[in-house]
Amino acid sequence: MPAFADALLAYCAAMMQPPEIAWPADKFFGQKLRYLVAFALIGQDVRWRRNGGELPTLAALQRAAHASPRQVAALVAALKLGGYVIATRPAQDRRAVRLQPAMALLAEIGRSPLAFLEASERLAPPPWPLASRLRDLDTALADWLGRSYDMFVQQDVYFGCFSNIVRFTEQDCGYPVLSAVLSAHYTARAGAAAPISLSYGGLAERFRVSRQHIGNILSEAERRGCFSVDHGGRAVAVAPDFLLEFETWAAGQMAHYRLLAEQLGLEPEQALPG
């Protein structure tokens with residue numbers, strides 16, 4: 001579609017926005033393992049609320065998450081400390097501790113999905129806003145993400161065929177850095193200047209990691225044949241095969257989250273469940 005590149009530019013811009021709080025959200029959630037643990041917690045909580053699934057406890061999360069029990073325990077402790085997870089004792093079992101995702105966690109895990117949904121709305125405007133409605137309704141946002149997690153459990157619609165994308169998500173801030181690079185690529189195609197500097201110093205300052213870490217991400221990307229950033233971050237050259245991989249993955253994400261949002265029934269006049 002002619003507007004596809006513009007929609008992707010808007011998506012990348014959204015993924016580069018600084019977090020609203022001082023907690024290092026970019027570094028924490030911009031890494032696959034930590035993201036998936038939080039994603040699994042949301043999915044478990046939604047199933048428990050909706051159909052009496054297993055209570056979302058630390059033990060339940062340790063069985064479901066793609067990480068070791070020790071890693072899950074440490075991540076949950078950090079999420080509780082940051083205010084992203086609330087520990088409560090349900091009335092039906094006062095001995096158990098429910099791990100309840102806070103709205104702040106839903107917003108962080110929903111950051112990329114919501115940006116993809118907004119990108120799809122740019123390409124094909126719905127009768128009423130979808131992403132903005134979800135941002136205002138925590139129960140609907142949780143249900144939307146929970147449905148997505150259930151689909152991920154059934155079949156990996158996120159990472160399976162996109163090895164280069166996966167590699168960026170495995171590095172601290174790797175995906176946000178990729179978003180910055182691709183934003184520069186799309187703005188250059190439109191004849192505009194990159195929104196932020198792609199120099200080691202510029203990216204390190206924006207994402208609050210070391211210059212060495214930025215250098216490692218960019219050097220590996222060049223070795224893998226994804227893209228290259230010139231010295232000083234003035235220009236970027238993206239390999240056609242990698243651009244096709246990203247755009248194919250992005251189109252799939254837009255379709256995936258758009259279909260799930262439409263299934264929720266977000267009409268303004270309709271009362272939402274919960």
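Residues are numbered from 1 along each chain as its sequence is written. Local features need pLDDT of at least 70 and side-chain atom pairs count only at pLDDT 80 or more, while totals for chains, interfaces and linings use all residues; side-chain values use heavy atoms, with hydrogens and water left out.

**Confidence**

Colour the chain by pLDDT, the predictor's confidence in each residue, from 0 to 100. The chain averages 88, and 95% of the residues score at least 70. Now select residues 270–274, where the pLDDT is below 50. Beyond near neighbours in sequence, this stretch has 11 contacts in the model (contact means heavy atoms within 4.5 Å). Where pLDDT is low, the predicted coordinates should not be read in detail.

**Helix H11**

Select residues 174–189, which form helix H11. Helices here are DSSP runs (H or I, at least four residues), numbered from the N terminus. H11 has 16 residues and reaches 23 Å from its first C-alpha to its last, close to the 22 Å expected at 1.5 Å a residue (the expected span is 1.5 Å times one less than the number of residues). Of its 16 residues, 14 are buried, so H11 is largely enclosed by the rest of the structure. Buried means under 20% relative accessible area, with a 1.4 Å probe and protein chains only.

Within H11, pick serine 183. Its relative accessibility is 1%, so serine 183 counts as buried. Leaving aside residues up to four places away in sequence, serine 183 touches Leu9, Cys12, Met16 and Pro195. Just after H11, glycine 191 takes a positive phi of about 80°.

**H7 against H14**

Select residues 111–123 (H7) and 240–264 (H14). Their axes come within 8 Å and cross at roughly 90°. Axes are lines fitted to C-alpha atoms, for helices over the stretch in contact, and angles run from 0 to 180 degrees between N-to-C directions. H7 is therefore roughly perpendicular to H14 (65 to 115 degrees). Residues making the contact include Phe116 and Leu117 of H7 and Trp249 and Tyr257 of H14. By class, this contact has 10 nonpolar, 2 polar and 2 charged residues.

**H3 against H9**

Finally, select residues 32–51 (H3) and 138–154 (H9). The two axes come within 8 Å and cross at roughly 110°, which makes H3 roughly perpendicular to H9. Among the contact residues are Phe39, Arg47 and Arg50 of H3, with Asp143, Tyr149 and Asp150 of H9.

Note on methods:
Helices (H or I, at least four residues) and strands (E, at least two) are DSSP runs, numbered from the N terminus. Buried means under 20% relative accessible area, exposed over 50%, partly exposed in between (1.4 Å probe, protein chains only). Angles under 35 degrees count as roughly parallel, over 145 as roughly antiparallel, 65 to 115 as roughly perpendicular and the rest as oblique. Ala, Val, Leu, Ile, Met, Phe, Trp, Tyr, Cys and Pro count as nonpolar, Asp, Glu, Lys and Arg as charged, and the others, Gly among them, as polar.
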